[in-house]
Amino acid sequence: MITALHKGIFSPFVTALIEAACVVAYFGFLRCGELTVNTDFDASCNLCLEDITFEEDYAILHLKTSKTDPFRSGVNIYLFKNNTSVCPVKSLIRYLDVRRSRFSIACNSSPLFVMENGEALTRTFFINHVRSILEIIGLNPSNYNGHSFRIGAATSVASKIEDHLIKILGRWSSECYTRYIHTPKSTIKQAQLALISD
């Protein structure tokens, strides 16, 4: 997706925005509603500029509210540098640089992710742009929704890290995270073959 995004299918601003939103959503195991707005922006619950801080080798994204935080105590999501083309820290810095060049004056309570018109990133705008990219790279966009980054992140690490770490990364308190993990048919086949091996 990121490679296709950099081929100039959108404006430089939208490219930086969508890249940062996608990469942060993936590495942060975010729900679409945690980085976008449905209608109006509300600084008391939506992501603001003040909700991102940078340290030497990571960024901290502070979610003021989320589905798994009924008391609105907030949670910090740590996004570490990974020195790849999909580094969440580099993507955020790149986006914020482009954002500053377009909107030089912004207060800390301004939306973190904004569209070209300066308004908060909406779910519709985000999903439509992600689906456009998916179509360009030959994937069926109707198979993807607002939880796809969360699902993709959980599925990607399912065979690589311990279950309790998946729960921590995704902020799950129960075993429901297992519903997000898509097991390939080849893995199921291997499991069945293991049943008959000596």
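Reader: Hey, what span should the 14 residues of α4 have, and how far apart are its end C-alpha atoms?

Author: They should span 20 Å at 1.5 Å a residue, and the end C-alpha atoms are 20 Å apart, which agrees. The expected span of a helix is 1.5 Å times one less than its number of residues. Helices here are DSSP runs of H or I with at least four residues, strands are E runs with at least two, and both are numbered from the N terminus.

Reader: What kind of model is this, and how are residues numbered?

Author: It's a predicted model, where local features need pLDDT of at least 70 and side-chain atom pairs count only at pLDDT 80 or more, while totals for chains, interfaces and linings use all residues. Residues are numbered from 1 along each chain as its sequence is written, and side-chain values use heavy atoms, with hydrogens and water left out.

Reader: Back to α4: which of its residues are buried?

Author: Phe125, Phe126, Ile127, His129, Val130, Ile133 and Leu134. Buried means under 20% relative accessible area, exposed over 50%, and partly exposed in between, with a 1.4 Å probe and protein chains only.

Reader: And what follows α4?

Author: Glycine 138, with a positive phi near 90°.

Reader: New topic: how many aromatic pairs are there?

Author: Six in the whole structure. Rings of Phe, Tyr and Trp (its six-membered ring) pair if their centres lie within 6.5 Å; planes under 30 degrees apart are stacked, over 60 edge-to-face, and the rest tilted. One of the pairs is tyrosine 58 with phenylalanine 80, tilted, at 5.1 Å centre to centre and 45° between the planes.

Reader: Where do tyrosine 58 and phenylalanine 80 lie?

Author: Tyrosine 58 is in strand β2 (residues 58-63) and phenylalanine 80 in strand β3 (residues 75-80), so the pair ties together parts 22 residues apart in sequence. Tyrosine 58 is partly exposed at 21% relative accessibility, and phenylalanine 80 is partly exposed too, at 44%.

Reader: Which residues do ring pairs link into a cluster?

Author: Phe13, Tyr95, Phe103 and Phe113. The charged end of arginine 102 also sits over the ring of phenylalanine 13, 5.4 Å from its centre. That term needs NZ of Lys or CZ of Arg within 6 Å of the ring centre and within 35 degrees of the ring normal.

Reader: Last one: is asparagine 46 buried or exposed?

Author: Because its relative accessibility is 12%, asparagine 46 counts as buried. Asparagine 46 sits in the loop between α2 (12-27) and β1 (52-54). Leaving aside neighbours within four places in sequence, asparagine 46 contacts Thr36, Val37, Asp40, Phe41, Asp51 and Lys64, where contact means heavy atoms within 4.5 Å.
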